[in-house]
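Subject: The structure, and what turned up in it

Hi,

Here is the structure I promised to pass on.

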Amino acid sequence: MAESAPADPAEVLLSALRAQSHRVIDVFLRWDKDMSGAIDKKEFRKGLLADVKDGKNLGVEATPEMIDSLFAKLDVDESGALELNELK
């Protein structure tokens, strides 16, 4: 029996977000602390970790590598910040 390849950490984290029915707009507004209309990597990391701490647990142990991988995957224009249209 062939072993399956390990799942992409970014996909695991993204699936966990979706499974918890987190609405993108709600997450975006909660994490955009400076209300710039974009979430930089620092806000993304802090927001994700704060949600876990505040009981909005994703059911996945989010390592820094997973968080960075997910951020890179979502930042399609490679601007270093996530805008709402990148998250839809």
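Let me begin with the rings: the structure holds two aromatic pairs. Rings of Phe, Tyr and Trp (for Trp, the six-membered ring) pair if their centres lie within 6.5 Å, and planes under 30 degrees apart count as stacked, over 60 as edge-to-face and the rest as tilted. Trp31 and Phe44 make an edge-to-face pair, at 5.4 Å centre to centre and 85 degrees between the planes. This pair links distant parts of the chain, with Trp31 in helix H2 and Phe44 in helix H3, 13 residues apart. Phe44 also pairs with Phe71: their ring centres are 5.4 Å apart and the planes stand at 65 degrees, so this pair is edge-to-face. Since Phe44 lies in helix H3 and Phe71 in helix H4, the pair ties together parts that are 27 residues apart in sequence. Trp31, Phe44 and Phe71 form one aromatic cluster. Trp31 and Phe44 are buried, and Phe71 is buried.

Before going on, a word on the ground rules. This is a predicted model, in which local features need pLDDT of at least 70 and side-chain atom pairs count only at pLDDT 80 or more, while totals for chains, interfaces and linings use all residues. Residues are numbered from 1 along each chain as its sequence is written, and side-chain values use heavy atoms, with hydrogens and water left out. Helices (H or I, at least four residues) and strands (E, at least two) are DSSP runs, numbered from the N terminus. Buried means under 20% relative accessible area, exposed over 50%, and partly exposed in between (1.4 Å probe, protein chains only).

Next, the core. A nonpolar core here is a set of buried Ala, Val, Leu, Ile, Met, Phe, Trp, Tyr and Cys residues joined through side-chain atoms within 4.5 Å. The largest one has 15 residues, of which Trp31, Ile39, Phe44, Leu70, Leu74 and Leu82 touch the most other members. Helix H1 (9-19), H2, H3 and H4 each supply at least two residues of this core, and H4 gives the most, with four. In soluble globular proteins, nonpolar side chains tend to be buried together. Leaving aside neighbours within four places in sequence, Leu74 is in contact (heavy atoms within 4.5 Å) with Phe44, Leu82, Glu86 and Leu87.

Ile67 counts as buried, at 1% relative accessibility. Its C-alpha atom is separated by 9.0 Å from that of Lys41, 26 residues apart along the chain.

Now the charges. Which side chains meet in a salt bridge? A salt bridge is a side-chain nitrogen of Lys or Arg within 4 Å of a carboxyl oxygen of Asp or Glu, and by this rule the count comes to one. The partners are Arg45 and Asp68, at 2.6 Å, N to O. Arg45 lies in helix H3 and Asp68 in helix H4, so the pair ties together parts that are 23 residues apart in sequence. Arg45 is partly exposed, with a relative accessible area of 28%, and Asp68 is partly exposed at 26%.

(Lys and Arg count as positive and Asp and Glu as negative; His and the chain ends are not counted.) Apart from neighbours within four places in sequence, Glu43 is in contact with Trp31, Asp32, Lys33, Asp34 and Ala38.

Most residues other than glycine have a negative phi. Met35, however, has a positive phi of about 50 degrees although it is not a glycine, and Glu78 has a positive phi near 55 degrees. Met35 is in the loop between helix H2 (24-31) and strand S1 (38-40), and Glu78 is in the loop between helix H4 (64-74) and strand S2 (81-83). Met35 counts as exposed at 73% relative accessibility, and Glu78 counts as exposed at 70%.

Best wishes
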